[in-house]
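The briefing below is arranged by topic for a reader who wants the geometric criteria stated next to the values. Please read it beside the sequence and the model.

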Amino acid sequence: MRSKLKRSTSTAVIVATLAGAAALATAAPASAASYHCTTSSYTVDDPSYNGPESDNWDFDVTLCAMRSGGAIYTTATVYWDGPYTAKNRSTLTFNKAKFQLQTKKSVSGTDPVVKSAAYTGLEHALEHSSSNGNGSYSTGTLKHTASSGRYLADGYIQLDWSGDGKSYRAPILFTASPVV
């Protein structure tokens, strides 16, 4: 009986070890790839408002890139601390607003854009900030089949303020992600 119990225990340990190794083997590739991110900030003054209330928008943008297999994935998240009066003006603040996400190949000189997308949902998110004027917006994820070389995520915000008589202002630039 004792040898039967020993054999059952040994078999159970071996099966558990193999199952654990199989679980680690399947988990390793998924956990090996991770995003490399950079966060930077920029403050923007609402040019269409010159009243007594605060009108600055403080933006933090996190740009991320990841290499997995033969592909590069890039994404961005925009966080803001807008004026508390933004909620009162809601959909009257912007005519248009977008985040332009770019996947770039890192080269000597200017990095060429290999994939790009405009995320215009930023306007709705900004105009529907919390009652304190805060919020966040995440872009989708761009996927680019990578050749050799290194890549990064880059991007910018463009705002078209209501009431200023102009279209999109100059791009608001942020710091690119680390290269992957």
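A97 stands opposite L159 in strand 8, where strands and helices are DSSP runs numbered from the N terminus (helices being H or I with at least four residues, strands being E with at least two). The model is a predicted one, in which local features need pLDDT of at least 70 and side-chain atom pairs count only at pLDDT 80 or more, while totals for chains, interfaces and linings use all residues. Residues are numbered from 1 along each chain as its sequence is written, and side-chain values use heavy atoms, with hydrogens and water left out.

**Overall make-up**

- The protein chain contains 3 helices and 9 strands, which follow one another along the sequence in the pattern α-β-β-β-α-β-β-α-β-β-β-β.
- Of the 180 residues in the protein chain, 38% are buried, where buried means under 20% relative accessible area, exposed means over 50%, and partly exposed lies in between (1.4 Å probe, protein chains only).
- Among the contacts in the protein chain with a separation of 6 or more, 68% are between residues 24 or more positions apart, a contact being defined by heavy atoms within 4.5 Å.
- The accessible surface of the protein chain is about 9900 Å², and carbon and sulfur atoms account for 55% of this surface; the areas come from the Shrake-Rupley method with a 1.4 Å probe, and for residues only the protein chains shown count as cover.

- An open sheet is formed by 4 strands in the order 5-4-8-9, with antiparallel pairing, two strands being paired if DSSP finds at least two bridges between them.
- The edges of this sheet are strand 5 and strand 9 (172-173), each of which pairs on one side only.
- Strand 4 and strand 8 run antiparallel and are joined by 12 bridges; besides the placement of A97 opposite L159, K104 stands opposite L152 in strand 8.
- Strand 4 also pairs with strand 5 in the antiparallel sense, over 6 bridges, and T103 has K115 in strand 5 as its bridge partner.
- The hairpin of strand 4 and strand 5 has 6 residues between the strands, and G109 in this hairpin takes a positive phi near 95°.

**The nonpolar core and I157**

- The largest nonpolar core has 30 residues, and those with the most contacts inside it are F59, W80, F99, L126, I157 and L159; such a core is a set of buried Ala, Val, Leu, Ile, Met, Phe, Trp, Tyr and Cys residues joined through side-chain atoms within 4.5 Å.
- At least two residues of this core come from each of several elements, including strand 2 (56-68), strand 4 (94-106), helix 3 (121-127) and strand 8 (150-161).
- With neighbours within four places in sequence left aside, I157 has contacts that include F59, V61, V78, F99, L122 and F174.

**The loop residue Y168**

- Y168 is found in the loop between strand 8 and strand 9, and Y168 counts as partly exposed because its relative accessibility is 26%.
- With neighbours within four places in sequence left aside, Y168 is in contact with K96, A97, K98, Q158, L159 and D160.

**The disulfide**

- The structure holds 1 disulfide, which joins C37 to C64 with an S to S distance of 2.0 Å, the criterion being a pair of cysteine sulfur atoms within 2.5 Å.
- This pair links distant parts of the chain, with C37 in strand 1 (residues 36-45) and C64 in strand 2, 27 residues apart.
- The torsion about the S-S bond of C37 and C64 is about 115°, so the disulfide is right-handed.
- C37 is partly exposed at 40% relative accessibility, whereas C64 is buried with a relative accessible area of 9%.
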